[in-house]
Amino acid sequence: MIDNQTLQRLTEQWSLALFHRPFTHQIMFNARLQTTGGRYHLNDHHIDINPHLVAEYGMDVLQGIVVHELCHYHLHLQGLGHQHRDADFKRLLVQTGGLRYAPPRQQRVAKYVYQCQKCHRQYPKQRRIQAWRYRCRFCRGKIKLI
Ligand SMILES: [Zn+2]
Ligand SMILES: [Zn+2]
């Protein structure tokens, strides 16, 4: 599984290669997304990506989801039709090879998501845990239910 920094770098590369435009905002994994592949936020232009789908399906699906969100992103910033039903969106999605739909989740959906207070890595869990007993696997920070 890649981290947020790598996700950011890959997205910047894919944006230039496929859209010929820079991606100048933030993209990050958000474990609270359950079935949607990603979400582009109109207010601050950042993108959330579903880490569960990437864990299940791998890098091709990650690219397909990121490119889909980049279609929303670039069309919105240019004032073009950026919603699913818009002709501009449909055309750009085909041109760039973005995924139309995210693949279905295979694994059970996590009910609880814990987050490291230091590095912000997320730990999805099926059941509640006693968070004070655990530390982040990467930085040993404290984890907390979000
Ligand atoms: Zn979409
Ligand atoms: Zn950590």
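**Chat: sheet, helices and pockets**

Q: Where does helix 1 lie, and at what angle to strand 1?
A: Helix 1 lies across strand 1 and strand 3, running at about 140° to strand 1. For the terms, helices (H or I, at least four residues) and strands (E, at least two) are DSSP runs numbered from the N terminus. Angles run from 0 to 180 degrees between N-to-C directions, with axes fitted as lines to C-alpha atoms, for helices over the stretch in contact. Contact means heavy atoms within 4.5 Å.

Q: And which strands does helix 3 touch?
A: Helix 3 packs on the sheet and touches strand 1, strand 2 and strand 3, and its direction makes about 10° with that of strand 2.

Q: What kind of model is this, by the way?
A: This is a predicted model: local features need pLDDT of at least 70, side-chain atom pairs count only at pLDDT 80 or more, and totals for chains, interfaces and linings use all residues. Residues are numbered from 1 along each chain as its sequence is written, chains are lettered from A and ligands numbered from 1 in the order in which they are written, and side-chain values use heavy atoms, leaving out hydrogens and water.

Q: Back to the sheet, what's the strand order?
A: The order is 1-3-2, in an open sheet of three strands with mixed pairing. Two strands pair if DSSP finds at least two bridges between them. Strand 1 and strand 2 are the edges, each pairing on one side only.

Q: How do strand 2 and strand 3 pair, parallel or antiparallel?
A: Antiparallel, over three bridges, with strand 3 being residues 47–49. Tyr-40 has Ile-47 in strand 3 as its bridge partner.

Q: Switching to pockets, what volume does the largest one have?
A: About 940 Å³. A pocket here is an open set of points on a 1 Å grid over the protein atoms alone, where a 1.4 Å probe fits, with protein on both sides within 12 Å along at least five of seven lines; lining residues have an atom within 4 Å of a point. Grid points are joined across faces, edges and corners, and the volume is the space filled by probe spheres set on the points.

Q: Which residues lie nearest its centre?
A: Met-1, Phe-29, Pro-51, Arg-121 and Gln-122, out of 34 lining residues.
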